[in-house]
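Visitor: Hi, I'm new to this one. Can you walk me through it?

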Amino acid sequence: MHDTSTLQQALAQNLFDAPPESAKALIETLGAIAQACAHISDIAAQGVLVGAHGLAESANSQGEDQKKLDVLSDELMSRHLGACPHVAGWASEEHERQQQSWDHEKQGRYLVVYDPLDGSSNIEANISVGTIFSVLPHTYRGAPPSDSSYMQPGHAQLAAGYVLYGPATIMVLTCRRGVLVFTLDRNSTRGGAPAVWVLTQDQVSIPVQTREFAINMSNQRFWEKPVQRYVAECVAGEGGPRMKDFNMRWVASMVAEVHRIMTRGGVFMYPRDTRTPLKPGRLRLMYEAAPMALLIEQAGGRAVTGTSELLDLVPDTLHQRVPVILGSHEEVSRIVGYHADPHENVSWQLFKTRSLFVQPQA
Ligand code: AHG
Ligand code: MN
Ligand code: MN
């Protein structure tokens, strides 16, 4: 039998040493996000029955097609954040500009950033999707937020989390005091009642070693040498320099990948690639990379671009993209080492007798 603390009770205990006023405000803000996510969970679970599948016939500010569930999820987050007195403003992957609550823009102590629906290409296939969120301080309280209010390093995050809409709906959350896992009691939301999230794991710890990696292999020709080397060594298995076999997974829902890593370790990579030099990565710093980096580090893992710690990065723009490599500490550190190696070996040099790559012409 698991602990039956609710989200509010568990957070009150987790934040016991924070000033009571700020703990209360943070708990209420996270409660608003949790309520929005419980609604998204209901809609995602009803799927085609409530018209949640298919394209929305619109594109987001980055020119990506929006799914109906992208738009619905964004509206639900926006509505709940707008009603929360502690939230001065919010920014979403689905909107070019930040939004603000005209009632609370000055008094609100927080900014919230989010990806309302991650992995939306998977919806029709009924594969897990998720919501990713992060709470930042509204540093100039008393003035309405602007885009520049959000340009804070990942280290500034007060809380971060994701909700995974899978066989169970699970929220994984950090308020910088470790990582807590809650499971949505789906019976609780019947008839529009407030959702009950039950604490089902207190303090997640990611194994430091792993034999599992996740990367979109179809992008291999665009990767830089350190990632080519790392993956080639994993694929070489027992007969290669790592002298052990690896397993590969790719769900194409970052939330699902990170949750697998939270559960059993592993490495997730969406590295820098040479396809579009102006976009040095696929994932967004503020909505995806930074919140996941805080969660991963709070659970004992590591999160980097390859050459920098993700939490050190200060965004230049709301929708900035970055390379992401995260997961089990030792393995991510090995990849950092490959990026730092000035005499970076390409794989054909390592596997002279069992080359995985075509050797360049002399
Ligand atoms: P989103 O659905 O919010 O646009 O994000 C999808 C992201 C992430 O979940 C995943 O890791 C990656 O995009 C999948 O990209 P591929 O198209 O390379 O599979
Ligand atoms: Mn996403
Ligand atoms: Mn999204």
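Guide: Here is a short chat about the ligand and its surroundings. This is a predicted model, where local features need pLDDT of at least 70, side-chain atom pairs count only at pLDDT 80 or more, and totals for chains, interfaces and linings use all residues. Residues are numbered from 1 along each chain as its sequence is written, chains are lettered from A and ligands numbered from 1 in the order written, and side-chain values use heavy atoms, with hydrogens and water left out.

Visitor: Which residues come nearest to ligand 1?

Guide: Asp118, Gly119, Asn216, Met254 and Tyr270, out of 17 residues around ligand 1. Being near takes a heavy atom within 4 Å.

Visitor: What does the side chain of Tyr270 do there?

Guide: An N or O atom in the Tyr270 side chain is 2.3 Å from an oxygen atom of ligand 1. A polar side-chain atom of Asn216 is 2.8 Å from a ligand 1 oxygen.

Visitor: How much of ligand 1 does the protein bury?

Guide: 84% of the 470 Å² that ligand 1 exposes when taken alone, by the Shrake-Rupley method with a 1.4 Å probe.

Visitor: Which strand gives the most to the shell?

Guide: S5, with 3 residues; strands are DSSP runs of E, at least two residues, numbered from the N terminus.

Visitor: And why does ligand 1 lie between the domains?

Guide: Because domain 1 (7–201) and domain 2 (212–351) both give residues to the shell around ligand 1. Those bounds come from an automatic or database domain assignment.

Definitions and conventions:
A polar contact is a pair of N or O atoms within 3.5 Å; within protein, one must be able to donate a hydrogen and the other to accept it, and residues adjacent in sequence count only if both atoms are side-chain atoms. Helices (H or I, at least four residues) and strands (E, at least two) are DSSP runs, numbered from the N terminus.
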